[in-house]
Amino acid sequence: MSATAMNRARCDENYNFAYLDERTKKMIRRAILKAVAIPGYQVPFGSREMPFAFGWGTGGIQVTASIIGRNDVLKVIDQGADDTTNAVNIRSFFARTTGVATTERTVDATIVQTRHRIPETPLAEHQILVYQVPMPEPLYRLEPRRRETITLHALADYGLMNVKLYEDIAQLGAISRTYDYPVIVDERYLMSPSPIPKFDNPKMHMNAALQLFGAGREKRIYAVPPYTSVRSLDFEDHPFEVQRWLHACALCGARDSFLDEMIVDDAGRRLFVCSDSDYCGARRAAGHVGAGQAIDADAARVLR
Amino acid sequence: MYVAVKGGAAAIENSWRLLAAERRGDPRVPELSVAQVREQLRLAVDRVMTEGSLYDPELAALAVKQAQGDLIEAIFLLRAYRTTLPRFGYSAPIDTARMVLTRRISATFKDVPGGQLLGRTYDYTQRLLDFTLLEEGEETPLRTSIAQGDATPPDLINEAMPRVNTLLAREGLMESPAPAHAGEPGDLTREPLMFPAARALRLQGLARGDEGFLFALGYSTQRGYANTHPFTGEIRRGTVAVEFVADEVGFALDIGDIEITECQMVNQFAGSRDVAPQFTQGYGLAFGSAERKSIAMAMVDRALRAEELDEPQTAVAQDQEFVLMHADNVEASGFVQHLKLPHYVDFQAELELVRRLQAERAGNAEQEAA
């Protein structure tokens, strides 16, 4: 029996393929097509109530359920890692309702569903990155009413956001957004990249993969098509910058990846390791080794 | 060396097992049956059906049992199940003037055609714990009378009875809101809610909205945050036939009875340049026996009509987007509780910023000192 046939045999026959009925998938695919046609524009869609709580990935799950086919290979990550509980839960949901193959390797996946990170390994044209989005409206902290923000987007009136960033610099000396950092897509729509760290923003720009964003509770889908410009907002005298660490990953020695920080003892010693578990594992398999050492609390404070 | 404990799959399976054991409780106590929940925790079942937007006492009772009595969790279970059901179309409007009533009261008239019927209510119970319920095997008077061959419970009205608001409208004292537009009213469980929302959609949102939230909003209108001067025109509870016009048949088929509670509020309206002063309405409807919910719904419905009636909009209860986007407890519960999910990455990004800002500040201070 082939691997695909075995997976199919494991599949739960009580539900339609990928849980949603075909008409719902069709409705969602239409919204996705519209989103791809208007990069960065939030398309309202008839979000369904899923057997997952709102805020726990229902938008991404509905997008993945609508695009997944029998030959796809699915990877699900949360905080960059495949083994966080919510990622495990979503992956097993799709394994159960579709029987498709799942993987932890970024390069093997055709669909990567993610919460809060973009994998460190660059994506390719045959891959789709599906983001789970809690709050699709980038202006919501400045204007909570969707009735108003829809008009602001229509007029490309993003003065509110520029003023907010300017005020940050005037008051703090720096832009205080460290994640969910606003971007302009295709020089037209202001878009929330979802709460990825701004470290990941540059990866969105001219990415070879299709990027789809699903917000279940807020009932919006949006997209960045392959090879589309994604510009993080900034000012000439305060250019956009990403986070950098003084430390390397304690496990694989990487200096170019986003690091998780863990407090390892009562003295407050810290361990820095890659947030992307697949990237870290692949580097270790290739022979890279980190210092394997925790760092004193004082040293953790020193930056650049 | 310390390695982060993740191991998600095994932890999740263990959590399911612990949950099942906790739900069952002490095995020496007999297991609660779904039928017991359905018959003896009816008000919980009614709330779950109302906010779950699915009339099915059996499944609602199952959800209550499975959720260990956590009603919002039970509502979530029922909603997720509802997603998998096909949608055949809209029923014909139910006619509540032709209900079989078990309760009907009006606070606006001492007597109304058809009369007032108190029916079962906690309103006039003295809230004293009834210690006899600690003993099992009680006999209720009603059950005894049914057992003795009395087929219909006493005090049940089975004849057409006009609604109080209709009587007021006939005199021109009450506005008769015309349907905003002909045709199907839309379904917010299938289409995203956009603003401004038509009244039919607002009522859908309120009907499945959280009882506690609507109750608090309704209460706020009584305390001066958008005063709507409400009187309870009528509350009626009973069973009503649901009819469905199937295209193949061409006429309405009775597909069953449901129990509902309906509340019609009568509210003052000062009138405007074009309209003489008259009374206006707020409307509430819920499955089963749900008076608190239907009253709250009617109050908030009326408050949300501020824009349509050209009233000043000053309070949150009058703000469509605020009310409707925050009334759904399944959405709220999910999003509030998602704070339990890991946010290591975002927190790390914030830590980096705070450390850098602190370092810059310390650097500046040193320079100034030098």
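Student: In this predicted model, how many Å apart are the end C-alpha atoms of helix α10 of chain B, and what span should its residues give?

Tutor: Helix α10 of chain B covers residues 291-304, which is 14 residues.

Student: How many residues of α10(B) are buried?

Tutor: A residue counts as buried with 20 or more other C-beta atoms within 10 Å of its own. The helix is largely enclosed by the rest of the structure, because the buried residues of α10(B) number 13 of the 14.

Student: Which helix of chain B gives the largest share of the side that touches chain A?

Tutor: The contact involves 42 residues of chain B and 50 residues of chain A. On the chain B side, α1 (8-24), α5 (71-83), α12 (329-337) and α13 (344-369) each supply at least two residues. The largest share is 14 residues, and it comes from α13(B).

Student: By class, how many residues of that side of chain B are nonpolar, polar and charged?

Tutor: The side in question is the part of chain B that touches chain A, 42 residues of chain B being in contact with chain A. Its classes are 13 charged, 8 polar and 21 nonpolar.

Student: What is the radius of gyration of chain A, and why is chain A called as compact as a globular protein of its length?

Tutor: Chain A holds 9 helices and 12 strands. For its 304 residues the globule rule gives 19 Å, and the value for chain A is close to that, so the chain is as compact as a globular protein of that length. The radius of gyration is 20 Å.

Student: Which strand do the buried residues of α8 in chain A pack against?

Tutor: Helix α8 of chain A runs over residues 277-285, and its buried residues are A:S277, A:D278, A:Y279, A:C280 and A:R283. Just after the helix, A:G287 has a positive phi of about 100°. The buried residues of α8(A) pack against β12 (270-274) of chain A.

Student: Over which residues of chain B is the pLDDT below 50?

Tutor: Chain B averages a pLDDT of 88, with 91% of the residues scoring at least 70. The stretch below 50 has 5 contacts in the model beyond near neighbours in sequence. Where pLDDT is low, predicted coordinates should not be read in detail. The stretch in question is residues 1-5 of chain B.

Terms used:
Residues are numbered from 1 along each chain as its sequence is written. Chains are lettered from A and ligands numbered from 1 in the order in which they are written. This is a predicted model: local features need pLDDT of at least 70, side-chain atom pairs count only at pLDDT 80 or more; totals for chains, interfaces and linings use all residues. Helices (H or I, at least four residues) and strands (E, at least two) are DSSP runs, numbered from the N terminus. The radius of gyration is taken over C-alpha atoms; the globule rule is 2.2 Å times the number of residues to the power 0.38. A residue is buried if 20 or more other C-beta atoms lie within 10 Å of its own, exposed if 12 or fewer, and partly exposed in between; C-beta atoms are placed from the backbone. Two residues are in contact if their C-beta atoms, placed from the backbone, lie within 7 Å. The expected span of a helix is 1.5 Å times one less than its number of residues. Ala, Val, Leu, Ile, Met, Phe, Trp, Tyr, Cys and Pro count as nonpolar, Asp, Glu, Lys and Arg as charged, and the others, Gly among them, as polar. pLDDT is the predictor's confidence in each residue, from 0 to 100.
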